[in-house]
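Subject: Handing over a model, with notes

Dear colleague,

Here is the structure I promised to pass on to you, with the sequence alongside it. Please have both open while you read my notes.

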Amino acid sequence: MEHERQNERLKSRLVSAAGMPKDVVLGAAVVTLLGDSEVCIENYRGILEYTECLIRVQAKGKQIRLHGKHLQIEYYTNDEMKITGTICSLEFCK
């Protein structure tokens, strides 16, 4: 586990030095929240759970959890998805 953290720190430093976007180099998820009614997630790995109240998405090394009401995945591609509804909370879990 410690070895993985050191690798991530090293990659982060290299990205900063090279001036490249972190999402491209590290494969980090990009989450864009528009008010409390829309979320776009880029660079995700898969959909783990999908209900009207909870959507769980796997990203690299983390899980993204959206809690809310009337949640709906408007569209998804291999790289990006758009979720709408009333978003009550968004959390990142390992």
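The notes below go through the sheet, the core, the charged pairs, the cysteines and the backbone angles.

This is a predicted model, in which local features need pLDDT of at least 70 and side-chain atom pairs count only at pLDDT 80 or more, while totals for chains, interfaces and linings use all residues. Residues are numbered from 1 along each chain as its sequence is written, and side-chain values use heavy atoms, with hydrogens and water left out.

**The sheet**

The model has an open sheet of 6 strands, ordered β1-β2-β6-β5-β4-β3, with antiparallel pairing; strands here are DSSP runs of E with at least two residues, numbered from the N terminus, and two of them count as paired if DSSP finds at least two bridges between them. At the edges lie β1 (30-34) and β3 (44-50), each of which pairs on one side only. On average, neighbouring strands of this sheet are turned by 40 degrees against each other, direction ignored, where the axes are lines fitted to C-alpha atoms and angles run from 0 to 180 degrees between N-to-C directions.

Ile55 has Leu66 in β5 as its bridge partner, and the hairpin of β4 and β5 has 2 residues between the strands, with Gly61 in the turn at a positive phi of about 75 degrees. Between β5 and β6 (residues 80-93) there are 11 bridges, again antiparallel; these two strands form a hairpin with 3 residues between them, and Arg65 stands opposite Glu91 in β6.

**The core**

The largest nonpolar core has 13 residues, and those with the most contacts inside it are Ile41, Ile55, Val57, Leu66, Met81 and Ile83. Such a core is a set of buried Ala, Val, Leu, Ile, Met, Phe, Trp, Tyr and Cys residues joined through side-chain atoms within 4.5 Å, where buried means under 20% relative accessible area, exposed over 50% and partly exposed in between, with a 1.4 Å probe and protein chains only. Two or more residues come from each of β2 (38-42), β4, β5 and β6, and β5 gives the most, with 4 residues. Leaving aside residues up to four places away in sequence, Ile41 touches, among others, Val30, Val31, Val57, Ile64 and Leu66, a contact being heavy atoms within 4.5 Å.

**Charged pairs**

The count comes to 2 salt bridges, each defined as a side-chain nitrogen of Lys or Arg within 4 Å of a carboxyl oxygen of Asp or Glu. In one, Arg56 pairs with Glu49, the closest N and O atoms being 2.8 Å apart, and Arg56 of β4 is also the bridge partner of Glu49 in the sheet. Arg56 is partly exposed at 22% relative accessibility, as is Glu49 at 28%. In the other, Lys82 pairs with Glu38 at 3.7 Å between the closest N and O atoms, and this pair links distant parts of the chain, with Lys82 in β6 and Glu38 in β2, 44 residues apart. Lys82 is partly exposed, with a relative accessible area of 22%.

**Cysteines**

The structure holds 0 disulfides, a disulfide being a pair of cysteine sulfur atoms within 2.5 Å. For Cys53 the nearest cysteine sulfur, that of Cys88, is 8.8 Å away. Cys53 is partly exposed at 46% relative accessible area, whereas Cys40 is buried at 14%.

**Backbone angles to check**

Most residues other than glycine have a negative phi. Asn43, in the loop between β2 and β3, has a positive phi of about 60 degrees and is partly exposed at 25% relative accessibility. His70, which lies in strand β5, has a positive phi near 55 degrees and is exposed, with a relative accessible area of 56%.

With best regards
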